[in-house]
Amino acid sequence: MDYQQFAKVELGFFPTPLVKLSRLSQALGCEIWMKRDDMTGLAFGGNKTRKLEYILADALAKGCDTIITAGAAQSNHCRQTAAAAAQLNLECHLLLGGEQPEKAEGNLLLDNLFGCHIHWAGNNRKGEDIPALYQNLQAKGKKPYIVPYGGSNELGALAFIDAVKELAEQSRGLAFSRLIFASSSGGTHAGLILGKRLFNLAFELVGINIDKDENADLPFDGQILDLVRKTAKMTGSTETFLPQDLILNPHYLGEGYGIVGTPENEAIALTAQLEGILLDPVYTGRAMAGLIDMIRTGEIAQGEQVLFWHTGGAPSLFAYADQLDLTQSKNKPI
Ligand SMILES: *Cc1c(COP(=O)(O)O)cnc(C)c1O
């Protein structure tokens, strides 16, 4: 698998730290480590920084001058794309789901600061309107480049092969039984699967499914496996990947995408109060709630050494203030 043949543009600071969460570990009875991809640096960081290094290198190589991407109003992907576009002197257009709110908060506030163009897409929150915008910009003489929803194409997935290499170098002497992370548009998941295979790592890779996608042609696990195979092919690999290579845990979807329930609130409060680390309300809060539940129910055994991949997202906390329960878990026995 020759994944190093692809160009990258430097947007973040790597390697991101690998840290032990001592107090949370003590509280839950497992040894919990965290990979801090919330600290990639680009505009408050997050997992999209890694993907954009490959994707925007491709945009530059193709001579494009305008970037189009799509997401939810509080998309972390859109915020990091807007920041990277500013840095690289690319015009940036974001297609955001829903209607323009009265006040720009959280990630949307930051999108505005980066000077991008925002288009409100109503119910089309996954980029359904991209082709029309592409044609429109082209007709105006621009050279647009489409960054897919969540940055989840082959180039985006490639970035997480690098990330696993980084992890392998940092974690010598450690033996994680599992790696838990939030999986949504699938690029992170696909890259982690490829990296795990390439570097022959033993942990069980558990993606916590964040967003139930009822409208897609293929269910999420099929989409992710498809992306794994396409990315492997792009690198010239002849490895085979089977459905059993992919674990997408569907038990923590809660009330739906972006709805903060009791488990998410508890996970956010515990991690903040025991570690001084901010999770986000949509992705990492939900994934951490999954990890906590798996420990409490015994699915993860006491004493296991596990890794949580922090994929970022905390800027959206400010936009979710109304859904955060500030009394959650305070002084409550675990
Ligand atoms: C996008 C995102 C994810 C999911 O990553 P995918 O590659 O889209 O599956 C997880 N956490 C945060 C904070 C994100 O912004």
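Is Arg178 buried or exposed?

1. Arg178 counts as buried because its relative accessibility is 13%, where buried means under 20% relative accessible area and exposed over 50%, with a 1.4 Å probe and protein chains only. This is a predicted model, in which local features need pLDDT of at least 70 and side-chain atom pairs count only at pLDDT 80 or more, while totals for chains, interfaces and linings use all residues. Residues are numbered from 1 along each chain as its sequence is written, and side-chain values use heavy atoms, with hydrogens and water left out.

2. Arg178 belongs to strand β7 (a strand is a DSSP run of E with at least two residues, a helix a run of H or I with at least four, numbered from the N terminus). Beyond its neighbours within four places in sequence, Arg178 is in contact with residues including Phe203, Glu299, Glu304 and Leu307, contact meaning heavy atoms within 4.5 Å.

3. The side chains of Arg178 and Glu304 are joined by a polar contact of 3.1 Å (a pair of N or O atoms within 3.5 Å, one able to donate a hydrogen and the other to accept it, with residues adjacent in sequence counting only if both atoms are side-chain atoms).

4. The largest cavity holds about 260 Å³ of space (on a 1 Å grid over the protein atoms alone, a set of points where a 1.4 Å probe fits but cannot get out, with lining residues having an atom within 4 Å of a point; the volume is the space filled by probe spheres set on the points, which are joined across faces, edges and corners). Of its 25 lining residues, those closest to the centre are Lys48, Gly150, Ser184, Ser185 and Tyr283.

Conventions. 1 Å grid on protein atoms, 1.4 Å probe; cavity = no way out; pocket = protein on both sides within 12 Å on 5 of 7 lines; lining within 4 Å.
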